[in-house]
Amino acid sequence: MQITCPHCFTKNRVPDERVGDGPKCGACKQALLPASPVAISGDDLPRLVNGNDVPVLVDFWADWCGPCKMMAPAFAQAARERPRVQFVKVDTEASPQASAQHGIRGIPTMILFRDGREQARVSGAMSAAQLLAWLDGR
């Protein structure tokens, strides 16, 4: 299985049976599947999702957005409960081009990527339980 590091975007080969063992990046030594969301720029999003064999859940958010701030702890809790999914956050204010490219019309918006393509999206603040139920249904 190939897992892209959410920190340095290096592609790492991890045997399928070792994915649950907390694999670390060969280049930067950080967790490939961290238990908390990682902030990335919109420019780095294609580098993360393309060629990555694990699902990537992206939270498009902004610092001024009340519902985004309210949902941040739920998104972090969901990251802890789904260790085989990469949870990342893209600040729409810092990355307006990524927001436009992905058609973000309201925030928070979560997009699930699999095999480099958008598989599903949902907008609006959710609890961790609601987010996990939505994710598990995909």
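This report describes selected features of the predicted model shown above.

The model is predicted, so local features are given where pLDDT is at least 70, side-chain atom pairs count only at pLDDT 80 or more, and totals for chains, interfaces and linings use all residues. Residues are numbered from 1 along each chain as its sequence is written, and side-chain values use heavy atoms, with hydrogens and water left out.

## Salt bridges

Side chains of opposite charge can pair when their charged atoms come close. A salt bridge is defined here as a side-chain nitrogen of Lys or Arg within 4 Å of a carboxyl oxygen of Asp or Glu. By this rule the model contains 6 salt bridges. The table lists some of them, including the pair formed by D21 and R18.

| Positive residue | Negative residue | N to O distance |
| R18 | D21 | 2.9 Å |
| K69 | D63 | 3.9 Å |
| R82 | D136 | 2.6 Å |

The salt bridge of R82 with D136, at 2.6 Å from N to O, links distant parts of the chain, 54 residues apart. R82 lies in the loop between α2 (66-81) and β5 (86-91), whereas D136 belongs to helix α4 (residues 128-136). Helices and strands are DSSP runs numbered from the N terminus (helices: H or I, at least four residues; strands: E, at least two).

How far the residues of these pairs are open to the surroundings is expressed by relative accessible area. A residue is called buried under 20%, exposed over 50%, and partly exposed in between (1.4 Å probe, protein chains only). R82 is partly exposed because its relative accessibility is 24%, and D136 is partly exposed at 48%. D63, the partner of K69, counts as partly exposed, also with a value of 48%.

R18 is placed in the loop between β2 and β3. Its relative accessible area is 47%, and therefore R18 counts as partly exposed. The C-alpha atom of R18 is separated by 9.6 Å from that of M1, which is 17 residues away along the chain.

## A patch of negative charge

Which residues gather in a patch of negative charge on the surface? The members are D16, E17, D53 and D115. Such patches are made of residues with over 30% relative accessible area and no salt bridge; like charges are joined within 9 Å, and nonpolar side chains (Val, Leu, Ile, Met, Phe, Trp, Tyr) within 5 Å.

E17 is located in the loop between β2 (11-13) and β3 (38-40). With a relative accessible area of 64%, E17 is exposed. D115 is found in the loop between β6 and β7 (117-123), and D115 is exposed as well, at 63%. D115 has a positive phi of about 55° although it is not a glycine.

## Backbone features

F9 also has a positive phi in a residue other than glycine, with a value near 70°. F9 lies in the loop between β1 (2-4) and β2. Is F9 buried or exposed? F9 counts as buried because its relative accessibility is 12%.

A cis peptide bond joins I107 and P108, with omega about 0°. P108 is situated in the loop between α3 (96-101) and β6 (109-114).

## Cysteines

How many disulfides does the model have? Taking a disulfide as a pair of cysteine sulfur atoms within 2.5 Å, the count is 0. C25 takes part in no disulfide, and the nearest cysteine sulfur, that of C8, is 3.5 Å away. C25 is buried, with a relative accessible area of 1%. C68 is likewise buried, at 2% relative accessibility.

V90 is part of strand β5, and V90 is buried because its relative accessible area is 0%. V90 and V58 are 32 residues apart in sequence, while their C-alpha atoms are 6.9 Å apart in space.

T4 is found in strand β1. At 0% relative accessibility, T4 counts as buried. The C-alpha atoms of T4 and A72 are separated by 23 Å, and these two residues are 68 residues apart along the chain.

Key
Accessible areas come from the Shrake-Rupley method with a 1.4 Å probe; for residues, only the protein chains shown count as cover. Lys and Arg count as positive and Asp and Glu as negative; His and the chain ends are not counted. The place of a charge is taken as NZ of Lys, CZ of Arg, CG of Asp or CD of Glu.
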